[in-house]
Amino acid sequence: MEKPVPVGKVENAVVNGSDPCQDQEIDSCPPQTGYRHSIWRSVLFYALVVVPAGLGLLLAYWFPAVWLRLTAYRCPLGSASRVIVKDLDGNKCVEVVKTAILPGHTHQPIRIGHTCVGLKEVWSGGVVRYLIHRHLRYLYQPSVGKFVLLRGLDDGHTSSALHGMRGGLSLEQHSKRACLYGENSIDVPVKPYHVLLVEEVLHPFYVFQLVSVVFWIVEQYYYYAGAVFLISCVSVIISLLQTRRHLQQIHDIAFSSTTVSVVREGREMSGVSSSSLVPGDVLVVPPSGLLLPCDAALLTGQAIVNEAMLTGESVPVTKTPLPPSSLHYLPSSSSHKRHTLFCGTQVVQTRFYGNERVLAAVVGTGFSTAKGGMVRSILFPRKLSVRFYVDAMKFVLLLSILAGCGFIYTLAINFYFKFQVKDTILRAFDVITIAVPPALPAALTVGIVYALARLRKNNIFCISPQRVTLAGKVKLVCFDKTGTLTEDSLDLLGVQPVVAGSFTSGLCSARDLPQCPLLYAMATTHSIATINGKLTGDPIDLKMFQGTGWVLREPPPGSFDTLTPTIACPPKGGGGEILGSEVELAQLRMFTFSSDLQRMSVIVRVAPTSDPKQLHVFCKGAPETICQLCRPNSVPGDFPEVLGSLTQQGYRVLAVAHRPLHMAWHKAERVKREVVECDLRLAGLVVMQNRLKSQTTPVMSSLSHAGIRNVMITGQPYHVGQISVSGKFLFFSGVWI
């Protein structure tokens, strides 16, 4: 683990270190070999390859790594002009080494890997050497003698160090980082038609087809040669148009540019192009929202973000400020995702302190962002080891062996009987063109394009057309439960309060509850926000809050010295009074839901109150988890039986607990989660009902009748998922992960 970065060393750039992008399958230091151009080797190579009808040039195009070894000599990476990089799949790519001149002084410190060295030790004369592999920059590091992945502030920096950068970068620091990181853009190059045509025609299969057509024409097989040539041309054109269309679509989706406000040299600068952002910049998020052009760690205020582009979930999530600590900041970790604004997501609304701004530190730009990782996964999909492909290659290899044997046998027989050389060569190559069907790739391409057209009519889009051939081999389909097999939202069936240590008999409506901790918890344990006059948030939170009949009120920004709280209160004339006044529940602090902890909690002030330090903690989550946090004497003895009875009927059950908290509000802003989520008292159970979608049963039935096994993936206990889904259609396989 790297040491914390000193606050104020904003010239720091992070290379290598731990691997927060492991989910994107990035190799921070891939195997690499350096080569330098050799004039005499190049002259000799091109002189020899031109002789056999340019076949050597074709082989050099197919195998660039072999071409580089033949035309250049091996050398240390520090002096190499080209580098062979081996990716995670074992493929070898030839990358060109580039240089950039760093402006300003060269003695400023820069953090590389686990050390902090002077730029004069890294750049000779202020020149940096780097290469770009799969749209990521790799910086040459002399201490290890390799090109190492250049990272932003998403690795090796502590949360406290990020908070120390609120003043922003100086202009000199920004210019250095701009030279180091390049533009903040996800620009997918769209190749022109003539380049795509050359790449498609020079594919080995099409070259083999062209050679076969030439031999057939010589042998006067005009109709057959013409038919194959026509099919190949149509196949090439269709594939060309399809590839160009996909590249253009990816480019349009990935590329975006806007103007933002940033803090530089301690003052706010507006109208700054998003393409000039670099790691270390401090972004000012406006109250009206922003389409994020980078990955950023939220430093102050709260933000409501629509992450549908990343997760597919249309429900906005609430992002809270990153707490200062000595822990290393890793945006991909579950504990820091809730504090990170990801590139491509839409900030819908912000909440902020009275006179302060919502600030976020830029931690990643360009293809090093979450959105950039998604685009790279589309452009460079991982190699799949599929038995279908392995068997297909074995089949082609077997045909090639048979063709080779037939080729040798034909040559031997024709020479033995002293046939003419022309006839001998033609007959021998006839065997090869017949054994390996030259029209096979064209037929496969036409079939794939036709399949894609059929899928597109049903609004099904494929980012990797080669995977279409595997569709007929599918034997297992996994489905998410909530939102896929079932409706996106759950319906509130009822509540079962705990009174004097015992459950009440049967379920009751939340609107019939008196003023009690269970009602208060349902009104406050949520991350709901009002956007454009409409309640928005998690579907479960919405149903639970709407079931109380209460209203949500958000005071205008600036009316509080602290973070503007969300206030829940009963409707006017709806009852609910304390000390002769209408009750108001102010949500002072929220501990967001964690899948690891299986719960969320809030610190609430119940107004009016005679004691300003009297706060309350309300917590909801999985019943098994909440029960372990409660006092034993507050949990009814029949808790397992009541819970089991509800879950066996297919209901989703949440447990709610509470406790008083005697603490000033400013201390509550800094108190740790484990301090408040203990010694709770069980308030009751909230019972939700999740209905199946109307199309779930026929789809599952069709798959089952086709012999395809269906698996449901759910985070709920086994018996809950079993009853709520498979209990309603018997053809489900009954496997849960």
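**Strand 10 and its surroundings**

Strand 10 and strand 11 (residues 146-151) run antiparallel and are joined by 4 bridges. Two strands are taken to pair if DSSP finds at least two bridges between them; strands (E, at least two residues) and helices (H or I, at least four residues) are DSSP runs, numbered from the N terminus. The model is predicted, and local features therefore need pLDDT of at least 70, side-chain atom pairs count only at pLDDT 80 or more, and totals for chains, interfaces and linings use all residues. Residues are numbered from 1 along each chain as its sequence is written, and side-chain values use heavy atoms, with hydrogens and water left out.

How many residues of strand 10 (residues 136-141) are buried? The count is 6 of the 6 residues, so strand 10 is largely enclosed by the rest of the structure; buried means under 20% relative accessible area, exposed over 50%, and partly exposed in between (1.4 Å probe, protein chains only). In a regular strand the side chains alternate between the two faces of the sheet. Both faces of strand 10 are covered: Leu-136, Tyr-138 and Tyr-140 are buried on one side, and Arg-137, Leu-139 and Gln-141 on the other. Arg-137 also lies over the face of Tyr-130, at 4.5 Å from the ring centre. A charge counts as sitting over a ring if NZ of Lys or CZ of Arg is within 6 Å of the ring centre and within 35 degrees of the ring normal. Arg-244 is placed over the face of Tyr-193 in this way, at 4.6 Å from the ring centre.

A further sheet is open and consists of 6 strands in the order 13-12-14-21-16-19, with antiparallel pairing. Strand 13 (267-273) and strand 19 (340-341) stand at its edges with a single partner strand each, so one side of each is left without a neighbour in the sheet. Within this order, strand 12 (residues 259-264) and strand 14 (residues 282-285) run antiparallel and are joined by 3 bridges; the bridge partner of Val-262 is Leu-283 in strand 14.

The structure holds 5 aromatic pairs; rings of Phe, Tyr and Trp (its six-membered ring) pair if their centres lie within 6.5 Å, and planes under 30 degrees apart count as stacked, over 60 as edge-to-face and the rest as tilted. The ring centres of Phe-503 and Phe-639 are 6.3 Å apart and their planes stand at 20 degrees, so the pair is stacked. This pair links distant parts of the chain, 136 residues apart, with Phe-503 in strand 24 (residues 502-503) and Phe-639 in helix 20 (residues 639-647). Phe-503 and Phe-639 are both buried.

Tyr-520 and Phe-618 have ring centres 6.4 Å apart and planes at 85 degrees, so they form an edge-to-face pair. Tyr-520 lies in helix 17 (residues 517-524) and Phe-618 in strand 33 (residues 614-621), distant parts of the chain 98 residues apart. Tyr-520 is buried, with a relative accessible area of 10%, and Phe-618 is buried, with 2%. Ring pairs link Tyr-520, Trp-550 and Phe-618 into a cluster. Helix 17 is largely enclosed by the rest of the structure, because 7 of its 8 residues are buried; among them are Leu-518, Leu-519 and Met-522.

An unreviewed UniProt entry annotates residues 43-63, 221-241, 395-417 and 429-453 as "transmembrane region"; its positions are given in the numbering used here, feature names are shortened, and annotations may be inferred rather than shown by experiment. Residues 221-241 are 95% helix and 0% strand, with their end C-alpha atoms 30 Å apart. For residues 395-417 the values are 96% helix and 0% strand, with the end C-alpha atoms 33 Å apart.

In the protein as a whole there are 24 helices and 36 strands. Of its 737 residues, 46% count as buried.
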